[in-house]
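Dear colleague,

Please find below the structure that I am handing over to you, with its sequence. My findings follow it.

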Amino acid sequence: MKCILISIIYFVIIKDISYVLSIKQNDVLNHLGTRTPYRFRHNKDDSKIKYPHCKDTKIWMIVRHGTRLPSAKDIQGMNTTLKDIKLETLLQHKHGQLTQGQLKDLEEWTSTLDIEREKYLTLEGRDEMILLAERTQNRFPNAIKNKYNNKTFLFRYTATERAQQSARYFTNGLFEKKDAQDVIFLPATKVDPVLRFYKHCDRWQKQVKKNPDTYKEQILFGNSYEMNKTLESISKRLGLKRVLSLGEVNLMYKICGYETSWNKHQISPWCYAFDVESAMRLEYYHDLKHYWMDGYGHNLTYRQACLALKTMFKIFSDKPDPFAVFMFAHSGTLLKLLTHLQLYKPDSPLTGDAMDDTRPWKASLIDCFATNLAFVLFKCKDGDYVLTLHQERVIKLPMCEKELCPLTKLLEYFHDSIHNCDYTDMCSLDNDASK
């Protein structure tokens with residue numbers, strides 16, 4: 001009996017060690033795009049951020065919702081397409097490259113997701129919000145009091161379950177249970193020009209989102225020799241007798257990200273289909289779309305973000321309260337805001353004819369689940385300064401000389417964003433240059 005117990009303990013330890021090693025060695029997990037787990041990116045150091053002769057007095061923070069379930073389309077794909085590929089792989093894997101352990105994981109994989117719960121926040125997403133709130137409060141204890149007051153705090157979210165629940169669990173991380181239950185949230189509106197401005201900007205919808213030219217670089221790369229070789233290598237890795245389509249491989253890539261994100265204790269079996277090179281190509285394929293639709297591809301895309309930025313400057317410049325503003329939105333919001341701030345801009349536009357390995361525009365690094373952007377107002381002896389944090393790390397804005405940037409400098413640089421930010425005029429189809 002003792003020998004059996006020792007054997008079981010040894011097996012569990014070895015399995016645990018191999019899992020930890022696989023996390024460190026398997027670079028595939030570093031290239032999951034917008035579905036990258038926040039636990040891979042967050043800043044564990046939550047010590048108080050201090051500057052000589054300065055005091056943190058206000059914070060304005062915008063947060064992408066935490067890890068969510070897939071869309072209805074992707075859940076349907078899991079229930080049909082992936083189940084078929086799983087069966088194909090198990091039947092044909094004689095000359096494939098997966099290990100017996102990986103095949104066993106794939107054999108045990110199943111999908112039980114309900115389409116009615118599409119895009120709902122997961123348990124991991126809840127934990128992300130609670131822990132993010134705790135760390136943020138530890139860094140800025142003066143700006144973020146641990147006692148709730150509806151004049152001190154302002155909370156806002158978009159009209160979606162995942163954003164609403166993210167906001168609620170974030171408050172659970174900031175306050176005691178009793179106080180968290182008393183938190184007042186601003187009513188969510190279907191048309192939200194601050195947190196989801198792009199959804200109802202008619203001109204942007206026509207000129208960018210529904211414009212075929214927006215996707216031409218992504219389509220070019222999707223049809224490239226590089227991508228065709230990638231599809232072949234993934235099919236060979238699984239031991240299949242046919243070459244998988246880009247749509248099938250793309251679904252596998254997305255589910256690899258989702259399942260790895262919402263389950264912190266194991267990797268999705270669909271990640272086994274990729275080596276580092278193939279994961280990087282799928283990552284670039286998605287980055288092309290985000291660059292041209294959410295980033296630097298069109299001026300109007302990031303000009304819209306002035307509406308969100310304008311609220312921050314108003315609170316920092318002339319409003320006595322609130323002191324702590326937390327808003328919960330989406331990937332499209334954060335990417336457009338980062339672009340408005342001139343962050344992560346490639347030296348040249350991303351194109352589909354060749355993969356740019358050195359680009360700073362990588363969703364895996366800048367737009368994972370629960371990604372966040374925060375501005376903190378510091379009152380210093382020689383004036384007001386703003387500190388910027390992205391994913392809980394202090395960053396230097398391109399227009400500033402130092403990380404702690406004078407508020408006057410930012411007000412001057414973003415003068416147009418503050419004073420000439422007319423959403424109605426900007427988004428009117430009457431100003432559609434393509435007419």
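Which are the buried residues of helix 14? Please keep in mind throughout that the model is predicted. The buried residues of helix 14 are Ser331, Gly332, Thr333, Leu334, Leu335, Lys336, Leu337, Leu338, Thr339 and His340. Just after helix 14, Gln342 has a positive phi of about 65 degrees.

Overall form

The protein contains 18 helices and seven strands. Its C-alpha trace spans about 70 × 70 × 40 Å along the principal axes. The radius of gyration is 23 Å; a compact globule of 435 residues would have a value near 22 Å, so the protein agrees with that expectation. Of the 435 residues, 54% count as buried. Among contacts with a separation of 6 or more, 80% are between residues 24 or more positions apart.

Strand 5 (residues 383–390) is mostly covered, with six of its eight residues buried.

- Strand 4 (residues 372–380) pairs with strand 5 in the antiparallel sense over eight bridges. The two strands form a hairpin with two residues between them, and Cys380 stands opposite Gly383.
- Strand 6 (residues 393–395) runs antiparallel to strand 5 and is joined to it by three bridges. Leu389 stands opposite Val394 in strand 6. Strand 5 and strand 6 also form a hairpin with two residues between them.
- Strand 7 (residues 404–406) pairs with strand 5 in the antiparallel sense over three bridges. In this pairing, Tyr385 stands opposite Pro406.

Helix 2 and helix 3

Two packed helices are described by the angle between their axes and the distance between the axes. For helix 2 (residues 72–92) and helix 3 (residues 100–108), the axes come within 10 Å and cross at roughly 145 degrees. The crossing is left-handed. Where they meet, Lys86, Thr89 and Leu90 of helix 2 are in contact with Leu103, Leu106 and Glu107 of helix 3. By class, this contact has three nonpolar, one polar and two charged residues.

Backbone details in the loops

Most residues other than glycine have a negative phi, and most peptide bonds are trans.

Gln391 lies in the loop between strand 5 and strand 6. Although Gln391 is not a glycine, its phi is positive, at about 55 degrees. Is Gln391 buried or exposed? Gln391 counts as buried because its relative accessibility is 5%, and the cut-off for buried is under 20%.

Lys119 is found in the loop between helix 3 and helix 4 (123–139). Lys119 also has a positive phi, near 65 degrees, in a residue other than glycine. With a relative accessible area of 28%, Lys119 is partly exposed.

Finally, a cis peptide bond joins Asp321 and Pro322, with omega at about 5 degrees. Pro322 is placed in the loop between helix 13 (306–317) and strand 3 (324–329).

With kind regards

Definitions and conventions: Residues are numbered from 1 along each chain as its sequence is written. This is a predicted model: local features need pLDDT of at least 70, side-chain atom pairs count only at pLDDT 80 or more; totals for chains, interfaces and linings use all residues. Side-chain values use heavy atoms; hydrogens and water are left out. Buried means under 20% relative accessible area, exposed over 50%, partly exposed in between (1.4 Å probe, protein chains only). Helices (H or I, at least four residues) and strands (E, at least two) are DSSP runs, numbered from the N terminus. Two strands pair if DSSP finds at least two bridges between them. Axes are lines fitted to C-alpha atoms, for helices over the stretch in contact, and angles run from 0 to 180 degrees between N-to-C directions. A crossing is left-handed if the near helix is turned anticlockwise from the far one by less than a right angle, and right-handed if clockwise. Contact means heavy atoms within 4.5 Å. Ala, Val, Leu, Ile, Met, Phe, Trp, Tyr, Cys and Pro count as nonpolar, Asp, Glu, Lys and Arg as charged, and the others, Gly among them, as polar. The radius of gyration is taken over C-alpha atoms; the globule rule is 2.2 Å times the number of residues to the power 0.38.
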